[in-house]
Each structure stands twice: as C-alpha cells, then as structure tokens.
Amino acid sequence: LPVTLEAMKLRARIDHDEEDAALEVLIREAAADVEAAADLALLPQTVVAELRGYAGQWHYLPVGPVVLD
C-alpha cells in the first residue's frame, strides 16, 4: 500500500480496528484512482514488454516511472 493503514488511522484519528479491512480497500481504491489519473505507478511493479522486430527504437511503456535494475 502507498499509505500504511496505521498512518491513515492516525491521520483520520481512528483508534479502533473494526474498520481496518474497509480502510485498506479505500487506500487501494484511492491509489488505483491516482495511478490511473496520473498515468504512473505509486508502488514498484514488474512490467514485461516483449518487443519483436523493433531493435534500436524507443518505445512507450504503459506505466512509469521506469527504474532499471
């Protein structure tokens, strides 16, 4: 998660655990909305792109930012 459950509960001043599952869903949905709107990845992820016949050309990847290992 891009924001920990503990950080969200602290910011929202929630001191019980009854809604933890619902809060985690909200965090994931908010992150997905931000990623879609900004066209970027908030968390590290692996993207495999197979490019045949395009050696030496630049290509647009469907997600970013890109970090090389």
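**Pocket, Salt Bridges and Surface**

Guide: By class, 11 nonpolar, 3 polar and 1 charged residues line the largest pocket. This is a predicted model, in which local features need pLDDT of at least 70 and side-chain atom pairs count only at pLDDT 80 or more, while totals for chains, interfaces and linings use all residues. Residues are numbered from 1 along each chain as its sequence is written, and side-chain values use heavy atoms, with hydrogens and water left out.

Visitor: What makes a residue count as nonpolar, charged or polar?

Guide: Ala, Val, Leu, Ile, Met, Phe, Trp, Tyr, Cys and Pro count as nonpolar, Asp, Glu, Lys and Arg as charged, and the others, Gly among them, as polar.

Visitor: Which residues lie nearest the centre of the largest pocket, and what makes a set of points a pocket?

Guide: Q45, V47, P65, V66 and V67 lie nearest the centre, among 15 lining residues. A pocket is an open set of points, on a 1 Å grid over the protein atoms alone, where a 1.4 Å probe fits and protein stands on both sides within 12 Å along at least five of seven lines; lining residues have an atom within 4 Å of a point.

Visitor: Why is the contact of K9 and D17 called a salt bridge?

Guide: The term requires a side-chain nitrogen of Lys or Arg within 4 Å of a carboxyl oxygen of Asp or Glu. The N to O distance between K9 and D17 is 2.7 Å, so the pair qualifies. K9 also forms a salt bridge with D20, with the closest N and O atoms 3.0 Å apart. This second pair links distant parts of the chain, K9 in helix α1 and D20 in helix α2, 11 residues apart. Helices are DSSP runs (H or I, at least four residues), numbered from the N terminus. Together, K9, D17 and D20 are linked in a network of salt bridges.

Visitor: Why is K9 called buried, and why is D17 called exposed?

Guide: Buried means under 20% relative accessible area, exposed over 50%, and partly exposed in between (1.4 Å probe, protein chains only). K9 has 11% and is therefore buried, whereas D17, at 55%, is exposed. D20 counts as buried because its relative accessibility is 17%.

Notes. Helix = DSSP H or I, 4+ residues; strand = E, 2+ residues; numbered from the N terminus.
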